[in-house]
Amino acid sequence: MTKTNPGNYFEDFRLGQVLDHATPRTVTTGDVALYNALYGPRFALFSSDEFARHCGLTAAPVDPLIAFHMVFGKTVPDISLNAVANLGYAEGLFLQSVYPGDTLTAVSEVIGLKENSNRRTGVVYVRTTGSNQQGEAVLSYVRWVMVRKRSEEADVPQQATPKLKEAVAAEDLILPRGLDFSRYDFALAGALHAFEDYEIGEKIDHVDGMAIEEAEHQMATRLYQNTAKVHFNQYERAKDPSGRRLVYGGVVISTAKALSFNGLQNAGLILGINAGRHLNPYFAGGTVFAWSEVLDRAQLAPGVGALRLRLVATRDRPCNDLPDKDAAGAYPGEVILDFDYWAAVPART
């Protein structure tokens, strides 16, 4: 009997299968410091306990993306160890804040399976829930990933593609317990832009660019205990036409989100993930640029609004011309991410 885990292949999954993922993870201030060193985010709510307390919280919560990556990493050995690529996200909700000292666990349910026509791979859809040490759900999301088959001849009798919501409804968004922006300090946050200052259809070039080096993406992915072969195994990747290790898509998301500070200084708090696609592979060394589009607005509570934002990241292409998909829906080769999310923003009323 083998004691090692080769990971699941496409034919190993079944609709309705529930996967309890190993290795609970306690989030520490060290994780937060390393995350900040890797991406350089400057959102005040996650940077200062005192600022967070002025916003009604007990202390600075961790950036929601830290919790997302930690939970995502738990799922990799069971879901995407043999992945070709992670394809997308939907129906993401951040249900409550995570603080240093909280311990995260993850459970996933297989909600869709679709074999590809080449019979060498298939797409697995899972809904993952991350919980804290009290057993309270802190986040939930759907993702789908292309996974290799062990054998092209293997049959997968039950297949179905789930129908997913185009976006999380504003009324389903959950504000962190105690959040109160009535004493929000715009000057300390870095900009005076409130909820009322953003218009639907507005596009913002975030101007700055950031290169991701090999050591950085390897360290970041290890931080989340993400063991996917495509990020680490150069021996295997040498057989791919690119010959290079893929950068974990979450590294691109966090880099682009950090870049979005310039123009969205008060929109750091992600409440929901509507959709997300990694459109072209990204390899270390390229410079990431980003721009955002305001898709929708919603008043959630007195003094608190939500912006639905589309964050587009590019590789080695500054966004002063806002590169986007064409009329046929095709993206330029430099576009590496299209990420649609809701963020809380202080409002004046």
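**Exercise 1. Work out how helices H1 and H6 are oriented relative to each other.**

Step 1. Let's find the two helices. H1 covers residues 29-39 and H6 covers residues 214-223. Helices here are DSSP runs (H or I, at least four residues), strands are E runs of at least two, and both are numbered from the N terminus. Keep in mind that this is a predicted model, where local features need pLDDT of at least 70, side-chain atom pairs count only at pLDDT 80 or more, and totals for chains, interfaces and linings use all residues. Residues are numbered from 1 along each chain as its sequence is written, and side-chain values use heavy atoms, with hydrogens and water left out.

Step 2. Grab the geometry. Two packed helices are described by the angle between their axes and the distance between the axes. For H1 and H6 the angle is about 155° and the axes are 11 Å apart. (Axes are lines fitted to C-alpha atoms, for helices over the stretch in contact, and angles run from 0 to 180 degrees between N-to-C directions.)

Step 3. Under 35 degrees counts as roughly parallel, over 145 as roughly antiparallel, 65 to 115 as roughly perpendicular, and the rest as oblique. H1 and H6 are therefore roughly antiparallel.

**Exercise 2. Find out which residues of H1 and H6 meet, and sort them by class.**

Step 1. On the H1 side, look for Asp31, Leu34, Tyr35, Leu38 and Tyr39; on the H6 side, Glu216, Met219, Ala220 and Leu223. Contact means heavy atoms within 4.5 Å.

Step 2. Now sort them: the contact of H1 with H6 has seven nonpolar, no polar and two charged residues. (Ala, Val, Leu, Ile, Met, Phe, Trp, Tyr, Cys and Pro count as nonpolar, Asp, Glu, Lys and Arg as charged, and the others, Gly among them, as polar.)

**Exercise 3. Describe the largest cavity.**

Step 1. Start with the count: the structure holds three cavities of 30 Å³ or more. (On a 1 Å grid over the protein atoms alone, a cavity is a set of points where a 1.4 Å probe fits but cannot get out, and a pocket is an open set with protein on both sides within 12 Å along at least five of seven lines; lining residues have an atom within 4 Å of a point.)

Step 2. The largest cavity has a volume of about 150 Å³.

Step 3. The lining of the largest cavity has 18 residues, with Pro64, Phe94, Gln96, Ser97 and Leu269 nearest the centre. Strand E8 supplies the largest share, three residues. By class, the lining splits into 16 nonpolar, two polar and no charged.

**Exercise 4. Describe the largest pocket.**

Step 1. The largest pocket has a volume of about 450 Å³.

Step 2. Its lining has 28 residues, and nearest the centre lie Val84, Ala85, Asn86, Leu246 and Val247. Strand E3 gives the most, five residues.

Step 3. Sort the lining of the largest pocket: 17 nonpolar, seven polar and four charged.

Terms used:
Grid points are joined across faces, edges and corners, and a volume is the space filled by probe spheres set on the points.
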